Amino acid sequence: FSISTYNKLWTDAQESLDVLLQGEREVKPVKDHVTAFKALGTSYIKYVQVFRNLDTAYEQIVHPQKRLAIRQVLEGVMGRILEIKNDMVTLENSEYHYFDDILQDLKLLPEHIEIPIPKYFIKENLKVLQEREKLLAQILVNAGLQTQKPVKSMDFGEAIKMIQVAERARQGRLRATFMKQIYLEEKRERQAKLQGKTGPNPDDAATCIQKIWRGYIQCKKTEKIGEEEMVFLGMTASTSMLRAREVNILRGEVQERHEEDYRKALVHTKDRLKQTEGLDIKETLQDQIRQCFIECRNIIGKFPDYPTEEAGGSTSTFSQKTPDQVDEELTAKEEAALQKKPKKDKEKEKGRGKEKEEQKQKTEKKGEEEGWKMAPSNFLPVMEEGSSQYNAIWNNRDEGWNFLQERDPELIKQEKREEVEKEIRVQVDEVMRQEVKNLRLAVDKEQSNEQKKGKKSEKVRAANCKLPRVSGLFLVRRTIDSLYQELAERGLLIKAKTVNLSDYVGKYSYLGTALRQADVEPMPSLSDVRQLIALYGILPLGSQAVHEKAPLVKAMLLAGPAGVGKKMLVHAICTETGANLFNLSASNIAGKYPGSSGLQMMVHLVYKVAKQLQPSVVWIGDAEKTFYKKVPKAEKEASCSLFILIDPKRLKRILPTFLKLLKAEDRVLLVGTTRRPFDADLRPFCKVYQKIILIPRPDYASRFGKYFKSPSLFITILWKHIILQNGGVITKTLNISCLAKLSDGFTQGHIFQAVQTVLSERRMLQMTKKPLRAVEFMTSLARQDPVYKEEEETFK
């Protein structure tokens, strides 16, 4: 853990970020659409590069205070990427963008613009997530909804008996093998005596053993040389990678230890400062405020009103303003309160409002004539502040004493001294406010405005403090744990499958830009889909600061044919962010919470638990059913046969209200999945789902292609990935190219089902003697219906 390595990680990211921030300050309007998109795309790619470097730096550094500063810049860069993405969508009216020409100019690979998922999303909340997972598993077991049977603990005596039986059987097999060898050796000796043959010559035996041993040693040396060559070329995993994993684990332990020590030091330092410096700070503040009031009276002839606590107390006025400014501000407020506006003034204000609207329209027209310009950013101040703060504190700081990169006590004192001063200032304000009242009464012989209007203010307060309306949804007051348990028992809160976004394999499409230049809208690739899920789903849900300031996405729809991995992506969002998963599909809520009041109660419970235990994902499968124009007869007949009232349109009216309740600080995302979006009433359907992401079937590159995710990690795509995942072995007899070509039109679900059908237990046992062949998979694949071009065009 060398300090120079830490500084280099930050310096590389900081230099690129400074160039980008300087370019953001000098942005000029652009008239040409292509030039504007190229500038946006270049900025987007460069911010992604900075994001990757900062994420690496944040994971590598163990100093707790440096990590806080880098975390601020990292979240600012994440938010800026989302803002630029929103600008690109507004400019092109499309969710998918292609950067082939920009990547070629920057000499980058598509893998370099892959959005990384920060590990701290899960790592910093790991204990809470593990406890919640255990609680959910226990609730499902008690309710009888657990699909997997829990592992029963074995008695100590039964365990000993089982081990004894297994050990006796093992010894019996070894004894039998040993006795068989002795028997065969004695048999050969008897046959040799009968035939009159003598034993082998010792020299010949030694030569034979020597020959075999030398051959074995040479084979090992050759294998070792081959492995070293592959490691040098970066084409296989080496011991360095294993060592890197061990270092990562060790680094995580050091980070946790330093973070815990830093948290304890914050509390201890604050208490110590209160004891040692509290009285001095209090006396100093009182002297400053008292002197300020005396100067004010000498200048304006009276004591000014003491600012209220809501206005900031003595901090807002006496630390930044002169006595004359204080007096002018107070007189201006009094005059504004005394004056009343006549009707003519109101009419004038209306006229001014119309003039302002006309001016806005003129400025918009001028803006259109001047050209396109990027929208203002909420994250530029965050990045500039974090970057300057890090540089000011750490770049010129001598850290020779801090080889282990532990907390810096002097910085903690500076930070906590300000907090202690704020807390003491509140107490001082209460004392000084009463002292100023006494001085005004004794010296100026006047009462304060509060004493004059005390009775009236009490009446006004009594009139304003009316109880808010209590809706029927809020009548039941229960704990979050009880609501969590009820939703889990009803099957509305389900356990998300452990699936990472990287498991959704797919390759980048290199023809996107060329097809768009030829006025042909290309089908998005699986790599593009993975990028959108990371941008719209994972990054905002994983970071509270990003979710509050970035362009807000409350609802997202995943549309595509069956088997393309829509549900898998929903579970990946939950896995990468540690989010709760609520299932509000029409089939899942059928018969639960009946009636309009029950529906309101169900939505209220989901909203309350999802908001309290955020991040949360509310999933609606077969989302088109909620917005049916007319419920099909087949579904009505099915509900009658099951004696369950299945109303797929139950959530149609209440979903917009649910989305309105979600604020920027609520990390709750509504995700719908559909394979027949054209069956829905499109107007209300598209109003609810803010982002609609088309997920196509995999192309040839994704079915067969291969790429290097990193110089030392070789990743194969789809067919190889699924076969290896299910325990298969890839040999020369298995033609992957043939499989990829003939499986055109089939989805990932079709391929996965075909591989599982072929790789049965019996076929796995025959793998060594009978290698896999492409014909076996094609036979199983031919029994399934592919996605035809007509269906694909309807989605497009």
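Arg-516 is partly exposed, with a relative accessible area of 22%; partly exposed lies between buried, under 20%, and exposed, over 50%, using a 1.4 Å probe and protein chains only. Before I go on, a note on the source: this is a predicted model, where local features need pLDDT of at least 70, side-chain atom pairs count only at pLDDT 80 or more, and totals for chains, interfaces and linings use all residues. Residues are numbered from 1 along each chain as its sequence is written, and side-chain values use heavy atoms, with hydrogens and water left out.

Back to Arg-516. Its salt-bridge partner is Glu-92, with the closest N and O atoms 2.9 Å apart. By salt bridge I mean a side-chain nitrogen of Lys or Arg within 4 Å of a carboxyl oxygen of Asp or Glu. The pair links distant parts of the chain, 424 residues apart: Arg-516 sits in helix H18 (residues 512-517) and Glu-92 in helix H3. Helices here are DSSP runs of H or I with at least four residues, strands are E runs of at least two, and both are numbered from the N terminus. Glu-92 is also partly exposed, at 22%.

How many salt bridges does a search of the whole structure find? The search gives 23. One of them joins Lys-38 and Asp-105 at 3.5 Å, N to O. Lys-38 belongs to helix H2 (residues 33-60) and Asp-105 to helix H4 (residues 100-106), 67 residues apart. Glu-167 and Arg-170 form another, at 2.6 Å. These two are three residues apart in helix H7 (residues 156-195), so about one helical turn separates them. There is also a network of salt bridges linking Lys-270, Lys-274, Lys-416, Glu-419 and Glu-423.

Now the interior. Of the protein's 796 residues, 39% count as buried. The largest nonpolar core has 78 residues, and Tyr-44, Tyr-47, Val-77, Phe-99 and Ile-533 touch the most other members. Such a core is a set of buried Ala, Val, Leu, Ile, Met, Phe, Trp, Tyr and Cys residues joined through side-chain atoms within 4.5 Å. Helix H3 (residues 64-92) supplies its largest share, 12 residues. At least three residues come from each of domain 1 (3-119 + 376-394) and domain 2 (480-696), with bounds from an automatic or database domain assignment. A second, separate core of 40 residues includes Ala-623, Val-668, Leu-670 and Val-688.

Last, the cysteines. The disulfide count is zero, a disulfide being a pair of cysteine sulfur atoms within 2.5 Å. Cys-574 is buried at 3% relative accessibility, while Cys-686 is partly exposed at 38%.
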